Amino acid sequence: MASQVVSFRLTLLGRCVLLMSSLVLANAVCWIVTAILFGRNPDTQPILSLALLAWTLGLRHALDADHISAIDNATRGLISMGQLPVTCGLFFSLGHSTIVIVVNVAIAISSSVYNKLNGVGTVGGIVGAAVSGSFLFIVGLANSVILWRILKRRQLAKRREQQSLPAAEFEDDPKHNQMLMMRLLGPIITFVNKPWKLYPVGVLFGFGFDTASSIALLAVSALGHRRSDGTSIPSGAIVLLPLLFTTGMTLVDSADSVLMLYSYSGFPEHTWAIVERTQKTPTDSENIQDCPDPATASPKQLTETQSQQVSNDPATPPPPPVSNETTHDLQVKANVMSGLSIVLTLISIIVAFSISLITIMGLIGDQCASCRAAAEAPDGGGLAGSWWRGWANANDNSGYIGAAIVGCFVLVVVGWYGTRGIISRRPGQGRSGNCN
């Protein structure tokens with residue numbers, strides 16, 4: 001009988017724990033270094049307040065509605081491709097914070113860079129808003145197609161269940177890819193087919209330079225702070241401010257990514273284990289590689305190998321066992337077709353279209369002279385002024401909208417599982433099927 005190779009790998013929960021633990025450690029390291037550099041000297045202790053402000057800006061900025069919507073919809077899209085992405089939020093926030101880090105490194109080299117941010121930020125703001133609004137609209141369309149497919153498969157599964165037919169294995173139908181929408185959006189949608197590809201998307205989202213300008217202002221303030229002897233802090237030390245901003249933002253965005261991953265896919269592994277043990281039976285090709293070369297092996301080695309092959313060659317080989325990965329994939333597919341996944345996907349689609357509309361309308365209101373005049377008119381500008389001020393206020397309160405989105409998802413998930421738990425405890429009530 002062929003020997004089995006035992007290996008260990010991280011479970012989905014283990015990957016999530018490793019990610020979040022690493023980010024918590026990164027936050028702790030940044031704060032320890034900040035405390036060492038600025039906390040020991042009373043003259044530099046006021047800079048700690050700037051560091052705290054930079055870190056909290058990162059935490060708050062991670063809750064911006066465009067961040068939440070982009071990460072949630074990208075996670076949903078990757079799950080539909082058969083993946084269980086853990087790092088969508090990490091790569092998106094790293095890409096977004098790259099602009100902040102680059103700007104502040106440039107300020108550390110020459111503080112005159114800050115005076116040039118306004119001109120660059122105007123163009124960058126247009127590009128960033130246009131990219132974020134377009135991206136969210138596209139992923140909203142893509143998830144609409146995904147939701148339609150899930151509903152069709154769910155309907156087919158229920159029909160087969162009513163007819164007492166075995167469950168079918170759903171595969172992507174090539175006819176679906178011939179739809180006009182998929183022909184137009186296919187290259188853009190399939191671009192983000194790996195979590196790391198959210199990094200360039202995050203970079204484009206960061207072209208607005210609004211956050212970079214805020215952190216840059218803190219950096220300039222830190223450089224302008226004078227010690228009792230009249231000297232300023234080393235210019236390289238201000239790099240800690242964008243690093244604190246980055247670690248704070250990646251922590252919250254990654255937590256949101258993990259939350260949405262489990263919300264959409266359920267708890268497919270049904271275990272709290274961090275590491276799982278797997279066994280693999282070597283294939284015939286691997287066994288052949290272990291055979292000695294007839295040209296160089298001794299007759300004794302060839303005889304022993306032939307005897308071993310005969311003993312390991314039963315007349316009727318046993319059927320291949322179902323692997324843990326196959327069971328895991330089937331469970332994920334069932335969870336993706338569940339009622340909770342459908343509800344969350346619908347919410348994500350509505351949020352993506354809504355945030356896209358808010359972003360684009362805010363961009364139009366900023367760049368249209370007559371729109372600005374109506375919004376800033378002393379008499380209120382009538383209906384037009386109220387209209388454009390409403391879109392501007394929605395953009396300004398993006399952080400509150402993002403926090404409300406996360407809270408809505410949490411309430412839906414908790415309410416869903418809470419209701420199912422109550423129903424399952426009632427006498428005579430069993431658990432519903434996978435498609436419920």
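User: Which residues in α15 meet L357, I358, T359, M361, G362, I364 and G365 in α13?
Analyst: A word on the basis first: this is a predicted model, where local features need pLDDT of at least 70, side-chain atom pairs count only at pLDDT 80 or more, and totals for chains, interfaces and linings use all residues. Residues are numbered from 1 along each chain as its sequence is written, and side-chain values use heavy atoms, leaving out hydrogens and water. With contact taken as heavy atoms within 4.5 Å, the partners in α15 are W387, W388, W391, A394 and N395.

User: How many nonpolar, polar and charged residues does that contact of α13 with α15 have?
Analyst: In this scheme Asp, Glu, Lys and Arg are charged, Ala, Val, Leu, Ile, Met, Phe, Trp, Tyr, Cys and Pro are nonpolar, and the others, Gly among them, are polar. G362 and G365 of α13 take part in the contact. The tally for α13 with α15 is eight nonpolar, four polar and no charged residues.

User: Is α13 parallel or oblique to α15?
Analyst: Helix α15 spans residues 382-396, its axis is 9 Å from that of α13, and the two pack at about 120°. Angles under 35 degrees count as roughly parallel, over 145 as roughly antiparallel, 65 to 115 as roughly perpendicular and the rest as oblique. That angle therefore makes α13, relative to α15, oblique.

User: And how is α3 oriented relative to α13: parallel or oblique?
Analyst: Helix α13 covers residues 339-367, and its axis comes within 9 Å of the α3 axis, crossing at roughly 135°. The relation of α3 to α13 is therefore oblique.

User: Which residues of α3 make the contact with α13?
Analyst: On the α13 side are S341, T345, S348, I349, V351, A352 and I355. By class, the contact of α3 with α13 has five nonpolar, five polar and three charged residues. The α3 side consists of A65, D66, S69, D72, N73 and R76.

User: Why does T75 count as buried?
Analyst: T75 sits in helix α3, residues 65-80. T75 touches P85, C88, S257, M260 and L261, leaving aside residues up to four places away in sequence. Buried means under 20% relative accessible area, exposed over 50%, and partly exposed in between (1.4 Å probe, protein chains only). T75 counts as buried because its relative accessibility is 0%.

User: How far apart are the C-alpha atoms of M260 and V410?
Analyst: V410 belongs to helix α16, residues 398-425, and is partly exposed at a relative accessible area of 33%. M260, one of the residues that T75 touches, lies 150 residues from V410 along the chain. Their C-alpha atoms are separated by 9.2 Å.

User: What share of the residues in the protein chain is buried?
Analyst: The protein chain has 16 helices and two strands. Of its contacts with a separation of 6 or more, 83% are between residues 24 or more positions apart. Among the 436 residues, the buried share is 39%.

How values were computed:
Helix = DSSP H or I, 4+ residues; strand = E, 2+ residues; numbered from the N terminus. Axes fitted to C-alpha atoms, helices over the stretch in contact; angles between N-to-C directions.
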